[in-house]
Amino acid sequence: MGNRDIELLIIEDDLRIAEIQKRYIEQIEGFQTVGIAASYLEARTLIDILKPDLLLLDVYFPDMNGLDLLKETKQQTKQMDVIMITATKEINQVQEAISIGVFDYIIKPVVFDRFKQSLLRYKDYHTKVLQLGKENIHVTQQQVDKLLRKEVDGASNERSYLPKGIDPLTLEKVMEVLGKVEYGLTAESVAKEIGVSRTTARRYLEHLVSNESIEADLSYGTVGRPERVYIVSSKATKNLI
């Protein structure tokens, strides 16, 4: 296998979305898009010919259900991995995809940071599997645990792939400050609490909004423009547990 790029096949019937995904991939080192399929026939043909390492797969197509293709692919080749990228939010569909064996499940619209995080996690996982295959036929329980958690060398995925300019310790402080209030805080208030600039605080807050750890709303005061207020919602709190 060497150090070649990981080959991806995009299976998406909306060619505009497929092109966005392709451009995202071009910004992430170590990956190469080998094809785009917009139908079952195209997907089946390209899978058989190209044998990519990873599929980026939607659920709904005019001529198929992506979950059916996922089942079919998994039955035929255990070594081809799949990341679902879809607007489908029904829990039964998510549960089925997980039970079949997707590496990750990303809900549209796709945020680049989340997309990049997923691909870098896969790159680590893929590299580790190849290394283990070269070194040994047998693996230890610790190695299996890391593969199942999709971790490498015990590093936390969330911490390993934070966007540039986002420090995990500062991020924890922001969450801690927000967790102590009931009605939310502005970026300026958070900045004062943790001792950073308003711009820095806003950058961390918007990152947390993008990954749905917190929510943002507008507060209309008596004077001036409305301010953006950040709060840890009950739904977000459950997701963090």
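In the predicted model, the protein has 11 helices and 10 strands, and buried residues account for 40% of its 241 residues. Of the contacts between residues at least 6 apart in sequence, 60% join residues that are at least 24 apart. The protein exposes about 14,300 Å² of surface, of which 51% is supplied by carbon and sulfur atoms.

The largest nonpolar core comprises 20 residues, and within this core I11, L57 and M84 touch the most other members. Two or more residues are given to the core by each of the elements β1 (6-11), α2 (40-50), β3 (54-57), α3 (66-76), β6 (81-86) and α4 (91-100), with the largest share, 3 residues, coming from α3. When neighbours within four places in sequence are left aside, M84 is in contact with L57, D58, V59, L67, L70, A97, V102, D104, Y105 and I106.

Residue I166 lies in the loop between α7 (157-160) and α8 (168-179). Because its relative accessible area is 10%, which falls under the 20% cut-off, I166 is classed as buried. Apart from neighbours within four places in sequence, the residues in contact with I166 are L171, R203, Y204 and H207.

Helix α5, spanning residues 112-135, contains 24 residues, and the distance from its first C-alpha to its last is 34 Å, close to the 34 Å expected at 1.5 Å a residue. The buried residues of α5 include the leucines L119, L120 and L132 and the aromatic residues F115 and Y122; Q117, S118, R121 and H126 of this helix are buried as well.

An open sheet is formed by 3 strands in the order β8-β10-β9, with antiparallel pairing. The edge strands of this sheet are β8 (185-186) and β9 (215-219), each of which pairs on one side only. Strand β9 is joined by 5 bridges to β10 (residues 227-231), and these two strands run antiparallel. Within this pairing, S219 has E227 of β10 as its bridge partner.

Notes. Residues numbered from 1 in each chain as written. Predicted model: local features only at pLDDT ≥ 70, side-chain atom pairs only at ≥ 80, totals over all residues. Heavy atoms only, no water. Core = buried A, V, L, I, M, F, W, Y, C linked by side-chain atoms within 4.5 Å. Buried < 20%, exposed > 50% of the residue type's maximum accessible area, 1.4 Å probe, protein only. Helix = DSSP H or I, 4+ residues; strand = E, 2+ residues; numbered from the N terminus. Contact = heavy atoms within 4.5 Å. Areas by Shrake-Rupley, 256 points an atom, 1.4 Å probe, with all protein chains shown as cover. Expected span 1.5 Å × (residues − 1). Pairing = 2+ DSSP bridges.
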